[in-house]
Amino acid sequence: MDYSHPSLKQQHQGKGQPAASGDNRHGAHTIVLVPMPHPQVKVVRPLTVFGYDDAPFGHAEVVLDGVKLSSEHLILGEGSGFRVAQARLGPGRIHHCMRAIGMAKRCYELMLNRSMERKTFGKYLWEHGGTQEMISDSVSDLNAARLLTLDCAADMDNIGPKSARAKIAAIKVAVPRLTYGIVDRAVQVFGGAGVCSDHVLARSLALLRTLRIADGPDAVHQRSVARMEIRQFQKSKL
């Protein structure tokens, strides 16, 4: 439930329910859990992402038609939606980055194998300067993504997710970009084979591009990082 919606905002103002403005803006959402199957919940169709079908694990178009809710459906009570969502996002974003690094490592190794097997103009691909640059850039990006994620995870353990917010937001932007670049180079080395379903490259490329939107788009995280950096710098000058 979103109490910032016009249909609910006035109804809940002053009645002990979260108001969707001012200092209480983080109390404007409530998460509910509706057991399935449910007569008022209709799954219309599974949705594809870049043409790939992830059903039954992906997302779907769902119609909610007069679903009746009670207190038993609430997750941690009314107005706790933001808190519930944020509690899992720190570890969840590290998990996303770990998966992205593993995916990029696999594609990087495929690129190395391809460069040692295929020849153009009488030389193996790895012997060409352009391929050497892609290998060099990829190993650097892979290590950068690993170290950024490891540094963030260490702060999560040592100082907690609240104090590590800036690094959590930073890896959510940096790691998908770094790993996407690695897979993109692998696709280039494979040529036409890289964009077909015979190899994992095309699907990996789609998944990593999607990751720049999942759990919040890049721009939102960049805004958060910039604001936290400015506040910290201002405090250091006092």
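In this predicted model, helix α4 crosses helix α5 in a left-handed way, meaning that the near helix is turned anticlockwise from the far one by less than a right angle. Helices here are DSSP runs of H or I with at least four residues, and strands are E runs of at least two, numbered from the N terminus. Helix α4 covers residues 165-190 and helix α5 residues 201-211; their axes sit 9 Å apart at an angle of about 160 degrees. That makes the two helices roughly antiparallel, a label for angles over 145 degrees, with axes fitted to C-alpha atoms over the stretch in contact and angles running from 0 to 180 degrees between N-to-C directions.

The contact residues split into 10 nonpolar, two polar and three charged; Ala, Val, Leu, Ile, Met, Phe, Trp, Tyr, Cys and Pro count as nonpolar, Asp, Glu, Lys and Arg as charged, and the others as polar.

Seven salt bridges turn up in the whole structure, each a side-chain nitrogen of Lys or Arg within 4 Å of a carboxyl oxygen of Asp or Glu. One of them joins arginine 45 to glutamate 61 at 2.6 Å, N to O. Arginine 45 lies in strand β1 and glutamate 61 in strand β4, 16 residues apart.

Residues are numbered from 1 along each chain as its sequence is written.

Key:
This is a predicted model: local features need pLDDT of at least 70, side-chain atom pairs count only at pLDDT 80 or more; totals for chains, interfaces and linings use all residues. Side-chain values use heavy atoms; hydrogens and water are left out. Angles under 35 degrees count as roughly parallel, over 145 as roughly antiparallel, 65 to 115 as roughly perpendicular and the rest as oblique.
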